[in-house]
Amino acid sequence: MKELDADPDRVRMPLVRRNGTLAPATWDEAFAEIERRLMPIVREHGRNAVAVYLGNPSAHSLALGMYGQVFLRALGSRNIYSASTVDQMPKQVSGGLMFGTVLSVPVPDLDRTDYLLMLGANPFESNGSLMTAPDVPGRLRAIRERGGKVVVIDPRRTRTATAATEHHFIRPGTDAYFLFGLVHVLFAERLVRLGKLREHTAGVEEVERLAQPFTPDAVAARTGIAAGVVRRLARELVAAPRAAVYGRIGTCTQEFGTLASWLVDVVNVLSGHLDEPGGAMFTRAAAGSPHTRGTPGRGKGVRFGRWQSRVRGAPEIFGELPAACLAEEIETPGDGQIRALVTIAGNPILSTPNGARLDRAVASLDFMVSLDIYVNETTRHADVVLPGLSPLEQSHCDVVLRQLAIRNVVTYSPTVFPVPDGQQPEWQTLLRLAGIVAGQGPSADTGALDDFVVMQRIDHEVGSPASPVHGRDGGDILQALAPRRGPERILDLMLRTGPYGDAFGARPDGLRLGALEAAPHGIDLGALEPRIPEVLRTPSGKIELAPERLVADVARLQAGLPRTGNGMVLVGRRDLRSNNSWMHNLRVLVKGDARCTLHLHPTDAARLRLGTGDVARVTSRAGTIDVPVEVTDAVMPGVVSVPHGWGHDAPGSRLSIAAAHAGANSNRLADELALDPLSGNAILNGIPVTIEAARA
Ligand SMILES: Nc1nc2c(c(=O)[nH]1)N[C@H]1C(S)=C(S)[C@@H](COP(=O)(O)OP(=O)(O)OC[C@H]3O[C@@H](n4cnc5c(=O)[nH]c(N)nc54)[C@H](O)[C@@H]3O)O[C@H]1N2
Ligand SMILES: Nc1nc2c(c(=O)[nH]1)N[C@H]1C(S)=C(S)[C@@H](COP(=O)(O)OP(=O)(O)OC[C@H]3O[C@@H](n4cnc5c(=O)[nH]c(N)nc54)[C@H](O)[C@@H]3O)O[C@H]1N2
Ligand SMILES: [Mo]
């Protein structure tokens, strides 16, 4: 935190491109430049000509999360892209279809479980993900200490796997087969335990029928996990009084991402562990959760595929398009071509497939604006860079990830340092951008816009029959939120109208931001509690175990069952001292041995005549990179691993320390044409590659 705060390379004032280079400018100059360059594009080519890419930190920042949406609504473009389609979109789709909202994702009740089956996750490096808690490694160790069991399925023997009771290598991209194998055994051996979920679950017979071909023997050949292990794990899962299955990056960013994500929860349901203490449960977050809103137990369900991307016809997904389509939408002429791009806290040239192609595409844009704290591989192409703040200069409440917390908790951190002179909070930056694209010019009154934004939210609350403030006077509520402004005002409104809220006086002991400010260590709202059927928002009011769109994709899975390819495939990995692409300019995190290496199994190394320290040339359909080899039996034979987020050698970026630890961009190998069809998610694991020695 200190190094990030003090980093001299961090951008602290707006930059505007003048004669080809990014030069310091005032905020007024920067917004004037955006007005001057962006609005003619909108007028001449329409709103879809402006694309937005939202990066990962926009899900972790109050300002970006709340006001990013305001900007998107004001812009009104269909060309919205985000890191979600190189990450968790498959889980959002499967959970949405099964349980009814875009964030209906059950999380393992880590502190009470006796048995955790974990696929494609490495919390000893990542500390979790769709499972939010401090010290996840400690909590995993505690499972074993209380006599429980942790089973890890991963093509690499990770630190998490080493600390687990049991680890099995799996051929990348085959988790759906393995999980269907478990489902097959549950039915074949009459182990299905629906318990109290029986009356709330539809589609059980359909799942039984679908699982027929996926016998333990059939899936063993495909996955590399022996049939006996599949049978035993299925029996153990059911026998364990409290058990949960959890899948993460490795199960999402792959060929069958949505099917694998679905089957994780199918197994949770069939083994009797969904919505049970110690099983896979739904968090009841203090703010922002879609499944604490509306009518309990029933809803509209989720909608996606409402339109298609222009060039490839890829599906719209919860209001956005697959990030892997961005380059072609910039490159391909015609009506609706992207001519301008706004990136918000993202580095898609390193994070999304075929980075080299995207790099060229982005360089060809007519205009680009980036909200970021660095000039990096992506933002170096911007015509205007609008700086964010150091984390110590921003208040924080992780509204999104708390919705996946393993306990109902809420915390709020005020700013540590004031906003320095000449800088401004990002919510104001986003409001000024919203003002520009709404046609109000470059100097819109952000105070008035902010009042308008909060009033819209208040109107929505008082007009919603399910809201605890339904029918109240909106003006009174606005008054009660004074003198707060910006994200704090919206957060207070969300907390007070949320499931624990004070409902502006109706529940006097209820939650409000003031209570959080008085509780610097946060407020514990208790252990997770069973929430079915109340949590459901499907049109049927049931858990949809066999949603039509998922069922339709099973044919594709079945078609691949006999496949036996024995070529090399690439997977990724994370490291504790790295965070995607943007923590590499901090000396404390990059010192020591190089992190960006190719993990190669000894038998493959011998065959390829490569040793530790040699440089390998790795080639896929999409591209080629050279990476130093690290021979290790921690990776499965036939599988190699390179971490993503490296490749800091681009001219024009301003990352002096990262440049000295450049590494290679593994996403030059990821294929932008290969998507999980249901979610539009990129396939970042299980990429076919060839490997040879790089010529010196
Ligand atoms: N091959 C492969 N590729 C992957 C993955 C993988 O496992 N394998 N993982 C994927 C996943 S899970 C993710 S989430 C994506 C991440 O993809 P991205 O979000 O595109 O990339 P990040 O590296 O997280 O970039 C975050 C950016 O936000 C900036 N930033 C940080 N804090 C702030 C702030 O407060 N305000 C502003 N304005 N900017 C800020 C940083 O400087 C950086 O440029 O990568 C994906 N790519
Ligand atoms: N230190 C650190 N922490 C982070 C991040 C970071 O970059 N660094 N990134 C954050 C972000 S944005 C996210 S989304 C989370 C991700 O959180 P995790 O998913 O826990 O993170 P990974 O370490 O990428 O773990 C994915 C694992 O999947 C394995 N894998 C690859 N392919 C397959 C497959 O086909 N099947 C199976 N079963 N496994 C496979 C990989 O070998 C890897 O061990 O981490 C977050 N936390
Ligand atoms: Mo992520």
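Are Tyr177 and Phe214 buried or exposed? I looked this up before anything else. Tyr177 is buried and Phe214 is too; buried means under 20% relative accessible area, exposed over 50%, and partly exposed in between, with a 1.4 Å probe and protein chains only.

Ground rules for these notes: this is a predicted model, where local features need pLDDT of at least 70, side-chain atom pairs count only at pLDDT 80 or more, and totals for chains, interfaces and linings use all residues. Residues are numbered from 1 along each chain as its sequence is written, chains are lettered from A and ligands numbered from 1 in the order in which they are written, and side-chain values use heavy atoms, leaving out hydrogens and water.

**Entry: rings**

I searched the whole structure and got 8 aromatic pairs. Rings of Phe, Tyr and Trp (its six-membered ring) pair if their centres lie within 6.5 Å; planes under 30 degrees apart are stacked, over 60 edge-to-face, the rest tilted. Tyr177 and Phe214 make a tilted pair, 6.1 Å centre to centre with 55° between the planes. Tyr177 is in helix H8 (residues 175-188) and Phe214 in the loop between H9 and H10, 37 residues apart. Helices (H or I, at least four residues) and strands (E, at least two) are DSSP runs, numbered from the N terminus.

Next I checked Phe180 and Trp262, which pair edge-to-face at 5.9 Å and 85°. Phe180 also belongs to helix H8, while Trp262 sits in helix H13, 82 residues apart. Phe180 is buried at 0% relative accessible area, and Trp262 counts as buried at 0% as well. Ring pairs join Tyr177, Phe180, Phe214, Phe256 and Trp262 into a cluster.

I also looked for charges over rings (NZ of Lys or CZ of Arg within 6 Å of the ring centre and within 35 degrees of the ring normal). Arg78 has its charged end over Trp307, 4.2 Å from the ring centre. Arg549 lies over the face of Phe304 at 3.7 Å.

**Entry: ligand 1**

I found 29 residues around ligand 1, and Tyr53, Asn56, Asp372, Glu426 and Ser581 come nearest; a residue is near if one of its heavy atoms lies within 4 Å. For polar contacts I took pairs of N or O atoms within 3.5 Å. A polar backbone atom of Asn56 is 2.6 Å from an oxygen atom of the ligand. A polar side-chain atom of Glu426 is 2.7 Å from a nitrogen atom of ligand 1. The protein covers 96% of the 920 Å² of accessible area that ligand 1 has on its own (Shrake-Rupley method, 1.4 Å probe).

Technical notes. A polar contact is a pair of N or O atoms within 3.5 Å; within protein, one must be able to donate a hydrogen and the other to accept it, and residues adjacent in sequence count only if both atoms are side-chain atoms.
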